[in-house]
2 protein chains.
Amino acid sequence: MADTDGARVTDDGGARPDHRTVTAKVLALLGAFTPATPELTLTELARRSGLSLPTAHRRAAELVEWGALERDADGRYRVGLRLWEVASLAPRGLGLREAAMPFLEDLYEVTRENVQLAVREGHELVFVERIAGRHAIPVLTRVGGRFDLHSTGVGLVLLAHAPVDVQDAVLRGPLRAYTPLTVTDPVRLRARLAEIRRRGYAVSEGQVTTDALSVAAPVRAVDGAVVAAVSLVVRLDEARPAALAPLVQAAARGISRALSSAPRRR
Amino acid sequence: MADTDGARVTDDGGARPDHRTVTAKVLALLGAFTPATPELTLTELARRSGLSLPTAHRRAAELVEWGALERDADGRYRVGLRLWEVASLAPRGLGLREAAMPFLEDLYEVTRENVQLAVREGHELVFVERIAGRHAIPVLTRVGGRFDLHSTGVGLVLLAHAPVDVQDAVLRGPLRAYTPLTVTDPVRLRARLAEIRRRGYAVSEGQVTTDALSVAAPVRAVDGAVVAAVSLVVRLDEARPAALAPLVQAAARGISRALSSAPRRR
């Protein structure tokens, strides 16, 4: 089948000929959907994926037929359940989540606070699970959502155990200051990361919102590599980090053990 | 860009020329991953997607570059976290789940039993969420997994409110008998569906496993359409369906209300 696999992705849109491969164009259609834009008209879809209207229309129709996209009553496109089904097989998504869930629930039951599970993806983290009681402090996170590594408890744990080149790139910044307490100085941040590795857990006090504190601990694979981080987010004024750390660490160890003993997957 | 968008999908594999479009081939690569085969070698990936080894290799490399697939240490392919991130935007997947979660947690807290949330996809259901206590009765379900519509409580609710052509197709069978109690007679099943619509909830007693009972109720969109079902699965010998039904119905109503009042999405 003739297509342009030899060509490379150039920039999006513009008047220049589009040398992207068909695969890249299909992926650009999927990547057009973001937390801020979960539903798109055909025009928006074409613009955001850098495709012409007829091409976007034709390929989107194929994606709808397969179930990767769905159309609502107004004709807007959104991500389809069939894609979600396939994606649920991602070992670092629902696979990890299934192994972790009993421990996250235990953590939630004994604290009634926010419980979070996250993995590192490049220079950011992705929240894989979140359990929050009705009366727990509101947090900024969303399952499937991204966040930076230098501010939250889970982020700091993941950054502390990231490869050196990732740490260097993140520390080079820019590092967003969410509150006056957010540590954005690279030297102080590097010292914190060393302390987190030494203590085995991270505490983030008022660094994302001034009223919240999070305590996080690393989840490890069989080979000892840190593959995820689990945290509790509580109200800063009620927080006793020293009391919370063993709880979070025990949950992280439980998840690590479950990952090691899990069958290769169903 | 030359490709074969005019051609239609034929059968998989075989010696015949592959007239599928590139989009269809990319989707075939994604669709090769199933709950039974979440990790695939290149050879398996090529065979299951009906592509030649070089084509599978080239396109899989593009999917890995984007993050739709990942490779493990042994070179096996698996679904990538980036695809899971995009898929988390599916309104019928995590979107629904986020709206439902507080009510599912309430249901779990007051019962400590299995709580399930499912949507209909064609002639089957897909589990969107599941919360299970450590001491709850083991169930056969998995988040992102499929199940048929005629046996479980959630399935019966979704079938009872499905379009007539879906009901007819499902009732034509074959209908799997999981236990001697599974209702597979189309006439009896049709009567049950009418009763479920009338009563507003479904009870499935020992029809999936002989030791479990589920009570399920419909979740409705603003226009009254049934978009999901929520259930409690409990041990058959301890079950009091009449006591559980109001609990499940209240949770289903709460979720329906949350869906109606939810902003169009973040």
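This is a predicted model: local features need pLDDT of at least 70, side-chain atom pairs count only at pLDDT 80 or more; totals for chains, interfaces and linings use all residues.

Author: Let's start with R97(B), which counts as buried because its relative accessibility is 2%, and buried means under 20% relative accessible area, with exposed over 50% and partly exposed in between (1.4 Å probe, protein chains only). Residues are numbered from 1 along each chain as its sequence is written, and chains are lettered from A and ligands numbered from 1 in the order in which they are written.

Now find R97(B) on the chain: it belongs to helix α5 of chain B, residues 91-111. Helices (H or I, at least four residues) and strands (E, at least two) are DSSP runs, numbered from the N terminus.

Contact here means heavy atoms within 4.5 Å. Setting aside neighbours within four places in sequence, R97(B) is in contact with L117(B), V128(B) and E129(B) in chain B, and with R97(A), E129(A), R130(A) and V143(A) in chain A.

With E129(B), the side chain of R97(B) makes a polar contact of 2.6 Å. A polar contact is a pair of N or O atoms within 3.5 Å; within protein, one must be able to donate a hydrogen and the other to accept it, and residues adjacent in sequence count only if both atoms are side-chain atoms. With E129(A), R97(B) forms a salt bridge whose closest N and O atoms are 2.5 Å apart. This pair crosses between chains, since E129(A) sits in strand β5 (residues 124-131) of chain A and R97(B) in helix α5 of chain B. A salt bridge is a side-chain nitrogen of Lys or Arg within 4 Å of a carboxyl oxygen of Asp or Glu. Side chains of opposite charge can pair when their charged atoms come close. E129(A) is buried too, at 1% relative accessibility.

Let's step back to the place where the two chains meet. There, 78 residues of chain A are in contact with 78 residues of chain B. Together the chains bury about 6700 Å², 55% of it on carbon and sulfur atoms; buried area is the accessible area (1.4 Å probe) that two parts lose on being put together, summed over both. The interface has six salt bridges and 14 residue pairs in polar contact, counting pairs with both residues at pLDDT 80 or more. On chain A, the side that touches chain B draws at least two residues from each of α1, α3, β3, α4 (81-87), α5 (91-111), β4 (114-121) and β5. Of these, α5(A) gives the most, with 13 residues. Sorted by class, this side of chain A has 35 nonpolar, nine polar and 34 charged residues. Ala, Val, Leu, Ile, Met, Phe, Trp, Tyr, Cys and Pro count as nonpolar, Asp, Glu, Lys and Arg as charged, and the others, Gly among them, as polar. Another salt bridge to look for joins R112(A) and E109(B), with the closest N and O atoms 2.7 Å apart.

For comparison, look at salt bridges within one chain. The structure holds 19 salt bridges over all chains. One of them joins the side chains of D168(A) and R190(A), 3.3 Å from N to O. That pair links distant parts of the chain, 22 residues apart, with D168(A) in helix α7 (residues 164-171) and R190(A) in helix α8 (residues 186-199) of chain A. D168(A) is partly exposed at 27%, and R190(A) is partly exposed at 40%. In chain B, the side chains of E195(B) and R199(B) meet in a salt bridge of 3.2 Å, N to O. These two are four residues apart in helix α8 (residues 186-199) of chain B, so about one helical turn separates them. E195(B) is partly exposed at 31%, and R199(B) is partly exposed at 32%.

Notes:
Side-chain values use heavy atoms; hydrogens and water are left out.
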